[in-house]
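Student: Can we go through this one together? I'd like to start with the strands and then look at the backbone.

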Amino acid sequence: MEFMNEDFLLSGKTAKALYHEVAEHQPIIDYHCHLSPAEIAGDKRFSSITEAWLGGDHYKWRLERLNGIDESLITGNAPEREKFRAYAETLETAIGNPLYHWSHLEMKRYFGISEPLNSRNADRLFDEMNLRIAKPDFSAKNLIKKSNVRIICTTDDPADDLSFHRAIAADPIENCRVLPTFRPDKAVLIEKPEFADYMEKLSAAAGMPVNSADDCFKALEKRARFFASVGGKLSDHDFGRLPARIADDAEAAATWEKRMNGAELSEAEADGYKGWIIVRLAALFAEMDWTMQLHVGSMRNNSSRMFGRIGRDTGFDTMSDYECANSLSRLLDAMDSSGALPRTVLYTLNPKDFYPMIALCGCFTEAGIRAKTQFGSAWWFIDHRDGMEQQIKTSASMNLLSAFVGMLTDSRSFLSYPRHEYFRRIFCNVIGGWVDAGEFPCDRTALDRIVSGVCYENAEKYFGF
């Protein structure tokens, strides 16, 4: 069979029809990513394929380290051609890894290259891809347009002045809006070493003194409303382990004061404060008609040696094995009981949590909102074919798959949009298989509506874009 032909990952008649006739040409809503607003505003040009393709991509870096590639050829100062060769040497052996598929989809969609990359053709393809990159239309904004992206939601700190978002809005990308996402982790994760220093930064950004836990919340509220004025509609939170309890106002105030005085907090104290502030923030988001995203289950910077050498977000994070169901239930119930549960998307990094998290979504619903609390796309270490299929099938088995808001990139790369194609092919293959097996009627009106909803329309409606 031809390598990655037009029916790649599509195994049946219905799957092929749904993908090629419905999913393939749907626009993209990238409602969670880590693209740089500064690079978008400046319409970044790339020096080479190495910078565009390998720079900042810790997925690829991690794979190379597993292949024994020296760090100088990954994040070091080795020549760009040699770094490209090192990735080609790694990729040609990466059978079964999603990077093999993603990389070749990217080569095909942005460079028109269909041959597999390997150590034998690396130099030739390096030169060919660099010729394409040197053309005037190969820039950040043009890549976004070429990828048919309608909405990009970046990940932004509450203290950010959003000057680059305002610059993009003043010189917009055709048919695409770039919006900020409110990520208040530094004000929530009170146990982190940088917490006290961050309070000063937050105070300056909000233009008000932050002398208490209540002040901290009020400063975050001011910043959230500023984000909304620039188009923000979502928040995002990375907890790793969810807080196991929720403090009352007096305890949260005492814990904040203790931390600001330099004292170490117990796990229970830190949890109480985190539970208190996330419940208050959720009420704010509900009032502002925002959507809240909760990312759970990451365990960061596992190699202290490499963290000390090259820092965070460089490929040394992993999934945790924390228990999450009780804590998540407690948080959602506290929000729901007070009538202040916003639309909420849940993500886990550990597939052991799929069943409890998906089941909890069915406990927190609201008339008039489809899947008000819903399980998000397969994330990070799970966004391969098996993980996506498991997320799709488990969501369908326990909840309403047709209300799902679909795929995101969670990426720092302007070349990562073929991941949406990858997801759409897998999604169409799963539901097409059910139809071909006689488990769902071949009702194209219903099927087309489901596919277009999950690929694009659900996200547009759910997030209020």
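Tutor: First a term: two strands count as paired if DSSP finds at least two bridges between them. Also, this is a predicted model.

Student: OK. In S9, what is the bridge partner of histidine 295?
Tutor: Tyrosine 347 in S9 is the bridge partner of histidine 295.

Student: How many bridges join S6 to S9, and do they run parallel or antiparallel?
Tutor: S6 and strand S9, residues 343-348, run parallel and are joined by six bridges.

Student: And how do S5 and S6 pair?
Tutor: In the parallel sense, over six bridges; S5 covers residues 234-240. Within that pairing, leucine 234 stands opposite threonine 291 in S6.

Student: Is S6 mostly covered or mostly open?
Tutor: Mostly covered: S6 spans residues 291-296, and six of its six residues are buried.

Student: Which residues of S6 point which way?
Tutor: Thr291, Gln293 and His295 point one way, while Met292, Leu294 and Val296 point the other way. All of them are buried.

Student: Why would they alternate like that?
Tutor: In a regular strand, side chains alternate between the two faces of the sheet.

Student: Changing topic. What about the sheet with S1 in it, in what order do its strands come?
Tutor: The order is S1-S2-S3, three strands in an open sheet with parallel pairing.

Student: Which strands stand at the edges?
Tutor: Strand S1 (28-30) and strand S3 (177-179). Each has a single partner strand, so one side of each is left without a neighbour in the sheet. On average, neighbouring strands of this sheet are turned by 10 degrees against each other, direction ignored.

Student: How many bridges join S2 to S3?
Tutor: Three, with strand S2 (residues 149-153) running parallel to S3. Cysteine 153 in that pairing stands opposite leucine 179 in S3.

Student: Now the backbone. What is phi for leucine 9?
Tutor: Phi of leucine 9 is near 70 degrees, a positive value in a residue other than glycine.

Student: Where is leucine 9, then?
Tutor: Leucine 9 sits in the segment before helix H1 (13-23).

Student: Does leucine 9 count as buried or exposed, and why?
Tutor: Leucine 9 counts as buried because its relative accessibility is 13%, and the cut-off for buried is under 20%.

Student: What about phi of aspartate 289?
Tutor: Aspartate 289 has a positive phi of about 60 degrees, although it is not a glycine.

Student: Where does aspartate 289 lie?
Tutor: In the loop between helix H14 (267-288) and S6.

Terms used: Residues are numbered from 1 along each chain as its sequence is written. This is a predicted model: local features need pLDDT of at least 70, side-chain atom pairs count only at pLDDT 80 or more; totals for chains, interfaces and linings use all residues. Side-chain values use heavy atoms; hydrogens and water are left out. Buried means under 20% relative accessible area, exposed over 50%, partly exposed in between (1.4 Å probe, protein chains only). Helices (H or I, at least four residues) and strands (E, at least two) are DSSP runs, numbered from the N terminus. Axes are lines fitted to C-alpha atoms, for helices over the stretch in contact, and angles run from 0 to 180 degrees between N-to-C directions.
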